[in-house]
Amino acid sequence: MSSDPGPTSTPATRAGSESLAVAVDMQGVSKSFGAVRALDSACFTARHGEVHALLGENGAGKTTLMNVLSGLYLADSGEVTIRGEAVHMTSPQDAARHGVGMVHQHPELIGAFTGHENVALARTGGGLGRRFDHGCQELESLAEQYGLPVDLRKRVCDLAMGERQKVEILRELCRGATILILDEPTTHLTPGEFDGLFSAIRQLASSGLSAILISHKLHEVFAVADQITVLRKGRTVGTRSRSDVTQDALITMMLGTAAAEEARAVTGTAEKTQAAPQPSAAERAESGGPPLLTVSGVRVRSGPRRLEVDELTVRRGEIVGVAGVAGNGQRELVDVLIGTLGTRRGRLCLGDRDITKASVAQRIRAGIAVLPDDRLHEGSLPSAPLWQTYTLGLHQTLRSARWDPRDLRRQTQFAIGEFGIAARSPNAITADLSGGTLQRAIVARSLRILSASNGGLLVAVNPTQGLDVGGTRFVRDHLRELLRHNGAVLLISEDLDELFELSDQITVLFAQALVAEYVRGDFDRYRIGADMLGAERD
Amino acid sequence: MPNVTELLVRDDSAVTGPEGSSIPLVEVVTYVCAILVALAVGATAFAVLGANPLTAYGTVIHNSLGSASALSQTLNKTTPLLLGSAAVALSLRGGFLNLGVAGQMYAGAICAMWAAFGLEGAPRIVEVIAPLVAAAIGGGLFAAVAAVLRHLWSVNELFVTVMLNFVGMYAADWLATRVWSDPVTGNAVSKPIPAAAQLPTYGHYGGHIGIFIAIAFAIAIQIWLSHSRRGYELNAMSANPVASKMAGISPLLMVLLALAGGGVLAGLGGGIELTGAQFVLFNGLSANYGFMSVLAAVLARRNAILCIPVAFVLAGLIVGTNALQATIQLPASAVLLLEGLVVLTILLGECLAKRSKLLARLSAPASE
């Protein structure tokens with residue numbers, strides 16, 4: 001975890017932050033969604049000229065609090081003061097009038113329009129006939145000034161995620177935002193892009209803007225923020241200055257004391273393995289079980305879908321990580337492995353068996369299971385009862401048995417108990433389950449599928465994304481469990497920390513091809529980051 | 001257009017799920033209320049048209065249920081409607097909307113007539129069964145066109161099935177007036193099928209045994225849907241096509257089962273209508289069965305067994321309101337108006353009930 005300060009920030013420039021003018025003051029803000037109390041008298045104060053991080057676990061209420069500030073949600077109670085003036089905002093337009101702009105986690109731009117058109121669209125108020133296609137030059141030079149260089153003449157759909165974010169920031173600035181909220185801005189970025197974004201944020205802050213950064217990643221917060229406010233379960237735990245707070249103190253604030261111990265164990269191992277390879281893992285990699293999955297010379301060309309994999313081997317008892325920015329062929333890789341996307345050339349072998357031409361059902365029976373990226377839409381039957389979701393895919397391995405829904409429900413009930421799935425009964429509707437619960441059910445199902453073939457290949461895509469500490473540990477424990485039972489894991493993840501912690505080997509996907517390969521001893525965050533971006537190597 | 005399909009195949013699998021779970025009380029209440037409202041609206045319409053509502057409704061009931069012959073008539077009308085609605089229910093289970101029941105019925109009737117003429121002189125049992133088998137195959141193949149187009153090029157089955165309705169209808173028209181034309185009658189109908197190919201009847205009022213075939217098929221289809229691997233896979237496909245494909249469920253097999261399987265049922269319905277009730281082929285054989293079937297399947301919440309009472313009620317309405325024209329001199333259009341009103345009110349009532357907070361609160365303790 002990199003805790004070195006951002007390139008343009010030194011503690012000295014921030015010493016006088018107490019004297020800066022207060023930009024936003026939120027007191028006692030509460031907000032409920034049905035029975036769920038998302039915010040419980042939360043407080044938050046941000047000043048002009050500082051970068052203020054809002055830190056907390058998933059579901060702590062960070063985004064909800066900022067959605068109140070940006071006018072998307074109306075708080076049930078509480079006061080919001082902007083630059084000393086009490087405001088009552090009922091829409092994002094209201095918020096924009098008060099100089100609040102928010103860049104959401106997923107870019108909200110019109111893909112078919114150029115960056116400039118997107119910005120201009122936001123700027124023009126009314127008037128059907130008003131031209132908005134001029135002033136591109138001025139806008140670009142303005143962008144340079146802010147430290148957000150981006151080609152505004154390109155259509156947004158052709159821009160990289162990092163560039164789209166810049167366009168969004170620019171759009172908010174052009175709307176006159178002086179309080180800029182960034183919701184998890186690094187979700188889609190590579191480490192190289194982080195630095196660019198963070199230096200831009202710092203530059204904006206030093207010009208007097210108030211930047212609010214929502215995050216649950218400690219190292220990001222340490223890299224860029226001046227002030228850090230921690231939320232837990234909808235309440236404000238406290239605000240600290242970055243110069244006088246430690247990571248441990250923040251973890252305790254985020255999780256409460258009991259959970260913090262557990263979490264530190266998790267992140268602790270992460271740091272340890274980065275510093276020096278875990279001996280057991282290294283041994284595993286050296287001893288190298290027999291190859292389970294061998295992919296060679298695969299070329300896919302199907303409409304816009306492309307994939308090139310020259311060589312990929314996953315051995316039994318091994319986790320192979322696949323790093324890469326989303327959209328660089330992850331989906332295609334999963335589809336080729338499970339069989340929903342055919343290959344034009346190349347060979348796929350599972351154990352001794354050539355599965356290049358095998359159907360999805362045959363592959364599942366041979367021992368391939370997927371933990372999909374989008375659990376609800378790729379891995380479950382949302383409107384159906386849980387037992388049907390649990391049976392999906394698993395039913396391919398039960399072919400010889402008579403079809404008996406009652407027995408399937410019994411098996412689901414058993415899995416609910418064994419894996420701690422928080423569902424009322426096998427008849428609970430899948431879509432009503434929380435993301436973590438659903439992931440447990442899908443993990444349970446995948447292990448059942450693989451156990452039918454005496455240890456198989458689990459293709460896990462972002463398996464712990466959006467999970468809390470307990471859920472993350474559950475998933476990782478079961479991945480390791482699978483290794484002990486003769487299985488192997490292909491871990492496709494956008495989370496480098498996770499890849500570094502779990503993988504015996506990391507390959508990088510860039511531009512629909514596997515481009516580089518690292519064994520555990522050579523893991524290097526910046527080289528892998530550069531590969532993810534496709535940077536030329538000397 | 002996909003939105004329409006989504007709307008119709010939406011999350012009601014919890015109610016009609018494979019466990020065949022009981023229907024919540026609140027839904028029954030909604031249903032009954034909707035029917036009452038529909039009757040009230042219909043009564044208003046009758047009053048406006050200058051008829052006594054009570055007399056009108058009395059006529060409807062008397063002419064659909066009031067006598068053995070009326071009941072036979074109603075059951076005869078139920079048969080194609082039931083098979084058609086089971087066809088739509090089956091395709092909805094797989095997440096597809098089959099709007100081509102009418103076309104598939106024509107295809108079935110054409111094949112049945114071809115088999116009936118071709119096998120003239122064969123033993124009676126062959127003469128009766130062969131046309132029905134031919135009808136089922138014909139309907140299935142006709143619907144398979146939509147299934148294959150859907151699978152290969154993602155052509156929306158809505159358009160294909162609707163357009164094939166015209167193909168089926170005018171093919172029947174052409175065959176009836178040119179190929180199998182009857183020189184005796186001047187009308188645009190074919191010559192009748194051989195007497196030996198006519199479905200056996202029961203009683204003395206023209207009721208044919210097709211209704212038993214239809215009920216048997218509806219029950220069998222529903223049991224198959226709820227208690228088989230393929231039934232589960234169909235349900236999975238409609239609930240989430242992406243996840244289903246990743247779980248190794250064959251999209252081609254599912255679209256064939258849903259659409260061509262439905263075509264088999266609808267084709268059989270057309271064949272039975274020909275050999276049991278009409279005996280001649282003509283443009284109009286599949287009166288409004290195509291669209292009524294879609295309504296029936298939706299009202300029955302895509303459950304083929306529930307299609308039985310729904311189809312029976314709709315058939316009773318058709319038979320009963322037809323009599324209104326003769327007895328209280330209502331214009332023919334008023335009849336269609338009433339049918340439309342009833343169905344519309346029930347659907348509307350369902351939608352409103354889903355959104356009603358009061359009903360949601362009432363159903364919470366009721367289901368405990």
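Reader: How are H10(B) and H12(B) oriented to each other: roughly parallel or roughly perpendicular?

Author: Two packed helices are described by the angle between their axes and by the distance between those axes. In this predicted model, the axes of helix H10 (residues 229-239) and helix H12 (residues 251-278), both of chain B, come within 10 Å and cross at roughly 100°. An angle of 65 to 115 degrees counts as roughly perpendicular, and H10(B) and H12(B) are therefore roughly perpendicular to each other.

Reader: Which residues make the contact?

Author: H10(B) contributes Arg230(B), Glu233(B), Leu234(B) and Met237(B), while H12(B) contributes Pro251(B), Leu253(B), Met254(B), Leu257(B) and Ala258(B). By class, the contact of H10(B) with H12(B) has seven nonpolar, two charged and no polar residues.

Reader: In what order do the strands of the open sheet of chain A lie?

Author: The order of the six strands is E6-E7-E8-E3-E9-E10 (chain A), with mixed pairing. Strand E6 (100-103) and strand E10 (235-241) of chain A each have a single partner strand, so one side of each is left without a neighbour in the sheet. On average, neighbouring strands of this sheet are turned by 20° against each other, direction ignored.

Reader: How many bridges join E3 to E9 of chain A?

Author: Four bridges join strand E3 (residues 51-55) to strand E9 (residues 227-232) of chain A, and the two run parallel. Leu55(A) has Val230(A) in E9(A) as its bridge partner.

Reader: Which strands does helix H9 of chain A lie across?

Author: Helix H9 (residues 247-255) of chain A lies across E3, E9 and E10 of chain A, and runs at about 35° to E9(A).

Note on methods
Residues are numbered from 1 along each chain as its sequence is written. Chains are lettered from A and ligands numbered from 1 in the order in which they are written. This is a predicted model: local features need pLDDT of at least 70, side-chain atom pairs count only at pLDDT 80 or more; totals for chains, interfaces and linings use all residues. Side-chain values use heavy atoms; hydrogens and water are left out. Axes are lines fitted to C-alpha atoms, for helices over the stretch in contact, and angles run from 0 to 180 degrees between N-to-C directions. Angles under 35 degrees count as roughly parallel, over 145 as roughly antiparallel, 65 to 115 as roughly perpendicular and the rest as oblique. Contact means heavy atoms within 4.5 Å. Ala, Val, Leu, Ile, Met, Phe, Trp, Tyr, Cys and Pro count as nonpolar, Asp, Glu, Lys and Arg as charged, and the others, Gly among them, as polar. Two strands pair if DSSP finds at least two bridges between them.
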